[in-house]
Amino acid sequence: MPRTPTIFNEARMRAMMDRKGLDLVIVRGVENSRYISEFFHNGGNLGYRPFCVFYFRDPARKPAFVVPAVDLHLAMTLTWIEDVRAYAMAEFFTDVDTHFYDDFAGAAKAILAERGVTGMKVGTEGDNLTSGFRTLLDGILTGNSVEDISFDMEMVRMVKTPEEIRRLKLATEITVKAHAAFRAAIRPGATDNDLHRAACLTMLQEGATAVNFINVGAGSANSFAAHDPFPRGYTLQHGDFVKVDMGAQVLGYSADFVRSYFIGTASQRQQDIWKWLNEVQLELCAWIRPGVTGGEIFDRGYKHISKYLEKFPREFLGHGIGLGSHEQPRMNAVNRTVVEPDSVLCVEYSYYCDGVRHHTEETFHVHATGNDHWTKDCPRELIVKV
């Protein structure tokens, strides 16, 4: 039964295609192909097994989705796209009685021929594609003009649908609860494995469909690290620094959230740095609204923190979040992307002092008149009392 997309913002996609005069968009990047098809496939990062969407501006030319044969039936079940085709990969027949093309190129050529694709302006992901796939597309698109729409797809995805917002907000709420379990487990004698386990279990118990990432910094092992993907078995001691960057995932959408701590005691300098980072971050979060650019957010946030910490050593202060962990707008000095309502953003500050990396991050949903700060109520005390 045909269904309406709930993740893919079809109106925003068509507006982009109208603006650029595109007749057809072809995407095979993992995030873009999942976004348009709404099929959260596995293996699309492998160069030899593309999942590829063909989306036409003319409604009379129906979209098509090409997948490896092994994924055909599930793709047909989960995508809103009615025309799903498969090429021989991993399996040569399934429970679905249908023709398999010998390879991806055969399926793609058939779709282009049936839709009368000639003399069209076609958008692809340009340099984001592998050189081999670009060469293949150039060959089968002979007689058409091809344009790179990688950035344009980022802009389409920046504004979230209600279903995307629901998933992101739930993932954030679960992550905040997991963080509370992580914080409660911090004590001398515990290990970074104990903290990692407490957060993972809470995410799953609270309804996460996956643990996207948990990066723990603890004591001398890795207090300096921005992202250490695995616990080290380090045993916590009084006075240690502990930091966690984590995100639960809900149906493909992940949160991104950071807090930092000292166990029992911290120097006045460390306390001052943490106070300044949070003060500036909260002020910046409250100020962000539709109409400002990523560069303006960076300029304001950098100017404010520079009152306390000269030559602040960060080239960006945040990013959008969605299917990807870092989406538009990226908040750096040169970004001119304009924030629009229904963007979901993360603002983050970090600073090195005495060998440890203070790091704090907030998440919020920008709406027409301001923003809804999803992580506002999560505690920010630097010192964990023991």
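**Labels and the values behind them**

Author: Let's start in a loop: Pro329 is found between β12 (318-320) and β13 (343-353). Keep in mind that this is a predicted model.

Reader: What makes the bond between Gln328 and Pro329 a cis peptide bond?

Author: Its omega is about 0°, and that is the value behind the label for the bond joining Gln328 and Pro329.

Reader: What makes the phi of Leu251 worth a remark?

Author: Phi is near 50° there, a positive value in a residue other than glycine. Leu251 sits in the loop between β9 (241-250) and β10 (253-254). Lys311 also has a positive phi, about 50°, although it is not a glycine. You'll find Lys311 in the loop between α11 (294-305) and β12.

Reader: How are the strands ordered, and what is the pairing called?

Author: Seven strands make an open sheet, in the order β5-β4-β3-β2-β1-β6-β7, and the pairing is mixed. At the edges are β5 (100-101) and β7 (145-148); each has a single partner strand, so one side of each is left without a neighbour in the sheet.

Reader: How do you know that β6 and β7 pair?

Author: Two strands pair if at least two bridges are found between them. Strand β6 (residues 121-124) and β7 have four bridges, in the parallel sense, so they pass. Across that pair, Gly123 stands opposite Glu147 in β7.

Reader: What about the pairs that involve β2, and which sense do they run in?

Author: β1 and β2 run antiparallel, with four bridges joining them. There, Val25 is opposite Tyr55 in β2. β2 and β3 are also antiparallel, over three bridges. On that side, Val53 has Phe65 in β3 as its bridge partner.

Reader: Why is β2 called mostly covered?

Author: Five of its five residues are buried, and buried means under 20%. Cys52, Phe54 and Phe56 point one way from β2, while Val53 and Tyr55 point the other way.

Reader: Then what makes α6 largely enclosed?

Author: Seven of the nine residues of α6 are buried, so the rest of the structure largely encloses it. Among them are Ser150, Met153, Val156 and Arg157. The buried residues of α6 pack against α1, β1, α2, β6, β7 and β13.

Reader: What makes a group of residues a nonpolar core, and what is in the largest one?

Author: The members must be buried, belong to a set list of residue types, and be joined through side-chain atoms within 4.5 Å. The largest such core has 36 residues; Met13, Tyr35, Ile36, Phe65, Val67 and Met153 have the most contacts inside it. Helix α1 (residues 10-20) gives the largest share, three residues. A second, separate core has 29 residues, including Phe241, Phe312, Leu317 and Tyr351.

Reader: Last one: what makes the largest pocket a pocket rather than a cavity, and how much space lies in it?

Author: A cavity is where a probe fits but cannot get out, whereas a pocket is an open set of points. The largest pocket holds about 330 Å³ of space. It is lined by 18 residues, and the closest to its centre are Glu31, Asn128, Ser150, Glu154 and Arg157. The largest share, five residues, comes from α6.

Methods
Residues numbered from 1 in each chain as written. Predicted model: local features only at pLDDT ≥ 70, side-chain atom pairs only at ≥ 80, totals over all residues. Heavy atoms only, no water. Helix = DSSP H or I, 4+ residues; strand = E, 2+ residues; numbered from the N terminus. Buried < 20%, exposed > 50% of the residue type's maximum accessible area, 1.4 Å probe, protein only. 1 Å grid on protein atoms, 1.4 Å probe; cavity = no way out; pocket = protein on both sides within 12 Å on 5 of 7 lines; lining within 4 Å. Points joined across faces, edges and corners; volume = space filled by probe spheres on them. Contact = heavy atoms within 4.5 Å.
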